[in-house]
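Me: I would like to go through a helical protein feature by feature. Please give the general idea each time, then the case at hand.

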Amino acid sequence: MIMNQGLKKYIEKNIFPSYEKNDLGHNLDHIRYVINRSLKFASNFNDINYDMVYVIAAYHDIGHFLDPKKHEIVSAEIMMKDEKLKEFFSEEELVVIKEAIEDHRASSNHEPRSIYGKIVSSADRNNTVEQCLERS
């Protein structure tokens, strides 16, 4: 799996600290869990952009502390306002990333619009009792 190390460093330094504002169920431990599972799931598909998977997973809950009820929309808006991402992705890729973040929520009333949304949405489902209790 090949990933842009500059992108990873940017996310780790500038995005990960924002998760200190979230509750225990949506904190940095959860984000790392979803990133790792997303990348593992993505490895089962051909022609997947791992940088996109990483960014979707890294941003998917960033807006949770602002509005838990519609955090997927807030998180997508935060990602779209991040001008630095334009150095790594085309406008078309950023739209796919935005839509995948919006589509990740388990209670969504529609199927994710792309394979990227399906990957991160699936990776976001926690199966252990401890994780479910922590997130509730």
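Me: How are α3 and α6 oriented to each other: roughly parallel, roughly antiparallel, roughly perpendicular or oblique?

Reply: First, a caution: this is a predicted model. The general idea is to take the angle between the axes and see which class it falls in; angles under 35 degrees, over 145 or from 65 to 115 have classes of their own, and the rest count as oblique. Here α3 and α6 pack at about 50°, with 10 Å between their axes. The two helices are therefore oblique to each other. Their contact involves M52, V53, I56 and A57 on the α3 side and Y116, I119 and V120 on the α6 side. The crossing of α3 and α6 is right-handed.

Me: Why do residues three or four places apart point the same way in an α-helix?

Reply: An α-helix has 3.6 residues a turn, so residues at that spacing point the same way. In this structure, the α3 residues that touch α6 include M52 and I56, and also V53 and A57.

Me: What span does α5 reach, and what is expected?

Reply: The general idea is to set the distance between the end C-alpha atoms against the span expected at 1.5 Å a residue. Helix α5 covers residues 91-103, 13 residues in total, and reaches 18 Å, close to the 18 Å expected.

Me: Which residues of α5 are buried, and what do they pack against?

Reply: For burial, the cut-off is under 20% relative accessible area. In α5 the buried residues are L94, I97, A100, I101, E102 and D103. They pack against α3 (50-59), α4 (71-80) and α6 (115-123).

Me: How many residues of α3 are buried?

Reply: Counting buried residues along a helix shows how far it is covered. α3 is mostly covered, with 10 of its 10 residues buried. Among them are Y50, D51, Y54 and Y59. The cover over the buried residues of α3 includes α1, α2, α4, α5 and α6.

Me: Loops can be read in this way as well. Is G63 buried or exposed?

Reply: G63 lies in the loop between α3 and α4. Its relative accessible area is 0%, so G63 is buried. Leaving out residues up to four places away in sequence, G63 touches H71, V74, S75 and I78. From G63 to M79 the C-alpha distance is 9.5 Å, across a separation of 16 residues in sequence.

Me: Where does N27 lie, and is N27 buried or exposed?

Reply: N27 is in the loop between α1 (5-15) and α2 (28-42). The relative accessibility of N27 is 13%, which means N27 counts as buried. Apart from neighbours within four places in sequence, N27 is in contact with Y19 and N22.

Me: How many helices and strands does the protein chain have, and what share of its residues is buried?

Reply: The chain has 7 helices and 0 strands. Of its 136 residues, 46% are buried. Among contacts between residues at least 6 apart in sequence, 64% join residues at least 24 apart.

Technical notes. Residues are numbered from 1 along each chain as its sequence is written. This is a predicted model: local features need pLDDT of at least 70, side-chain atom pairs count only at pLDDT 80 or more; totals for chains, interfaces and linings use all residues. Side-chain values use heavy atoms; hydrogens and water are left out. Helices (H or I, at least four residues) and strands (E, at least two) are DSSP runs, numbered from the N terminus. Buried means under 20% relative accessible area, exposed over 50%, partly exposed in between (1.4 Å probe, protein chains only). Contact means heavy atoms within 4.5 Å. The expected span of a helix is 1.5 Å times one less than its number of residues. Axes are lines fitted to C-alpha atoms, for helices over the stretch in contact, and angles run from 0 to 180 degrees between N-to-C directions. A crossing is left-handed if the near helix is turned anticlockwise from the far one by less than a right angle, and right-handed if clockwise.
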